[in-house]
Amino acid sequence: ISAEIVAATKAKRAVIVFFRDRSKLNEFVGTATYRQLGRHKSLLTEDMRPRDKDFVINKAATAGQITLSTAVFGRGTDFFCKDDSVEKNGGVHIIQTF
């Protein structure tokens with residue numbers, strides 16, 4: 001997972017990673033790999049306040065941004081890309097871990 005994330009963000013793409021549930025997401029967040037991903041990462045989970053969810057969703061498709069999310073957001077969530085550099089470099093890179 002980490003190699004794909006690094007390659008995509010170096011290519012000026014955004015990355016959204018979907019985990020089966022909060023437990024699997026938390027496992028990844030507890031790893032050294034997560035800590036090495038840099039500052040441009042956000043978590044998107046069901047228990048967030050609505051305005052915080054909206055903020056994370058709105059910036060998820062920005063160049064260099066890494067969004068780690070639970071699977072529930074994989075369907076029915078509109079991640080709009082307004083960043084021309086992301087579009088030019090292949091769009092948002094999606095990783096499904098399950």
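Q: Why does Ile16 count as buried?
A: The relative accessibility of Ile16 is 1%, and a residue is buried under 20% relative accessible area, exposed over 50% and partly exposed in between (1.4 Å probe, protein chains only). Ile16 therefore counts as buried. This is a predicted model, in which local features need pLDDT of at least 70, side-chain atom pairs count only at pLDDT 80 or more, and totals for chains, interfaces and linings use all residues. Residues are numbered from 1 along each chain as its sequence is written, while side-chain values use heavy atoms, without hydrogens and water.

Q: Which residues is Ile16 in contact with, leaving aside its neighbours within four places in sequence?
A: Contact means heavy atoms within 4.5 Å. On that basis Ile16 is in contact with Ala60, Thr67, Phe79, Val92, His93, Ile94 and Ile95. The C-alpha atoms of Ile16 and Phe79 are separated by 9.6 Å, although the two residues lie 63 residues apart along the chain.

Q: What makes strands S1 and S4 a pair?
A: Strands are DSSP runs (E, at least two residues), as are helices (H or I, at least four), both numbered from the N terminus. Two strands pair if DSSP finds at least two bridges between them. S1 (residues 15–19) and S4 are joined by four bridges in the parallel sense, and Val15 stands opposite His93 in S4.

Q: Why does Phe79 count as partly exposed, and Phe18 as buried?
A: Phe79 has 21% relative accessibility and therefore counts as partly exposed. Phe18, with a relative accessible area of 8%, is buried.

Q: How do you know that the charged end of Lys41 sits over the ring of Tyr34?
A: The criterion is NZ of Lys or CZ of Arg within 6 Å of the ring centre and within 35 degrees of the ring normal. The charged end of Lys41 is 4.6 Å from the centre of the Tyr34 ring, and it sits over that ring.

Q: What is the largest nonpolar core?
A: A nonpolar core is a set of buried Ala, Val, Leu, Ile, Met, Phe, Trp, Tyr and Cys residues joined through side-chain atoms within 4.5 Å. The largest has 12 residues, including Ile5, Val17, Leu25, Tyr34 and Ile95. S1 gives the most to this core, with three residues.

Q: How do you know that the buried residues of H4 line one face of the helix?
A: In helix H4 (residues 50–59), Lys53, Val56 and Ile57 are buried. Seen down the axis, the buried residues fall within an arc of 100°, so they line one face of H4; the arc is that of the directions from the helix axis to the C-beta atoms. Arg51, Phe55 and Asn58, on the other side of H4, are exposed.
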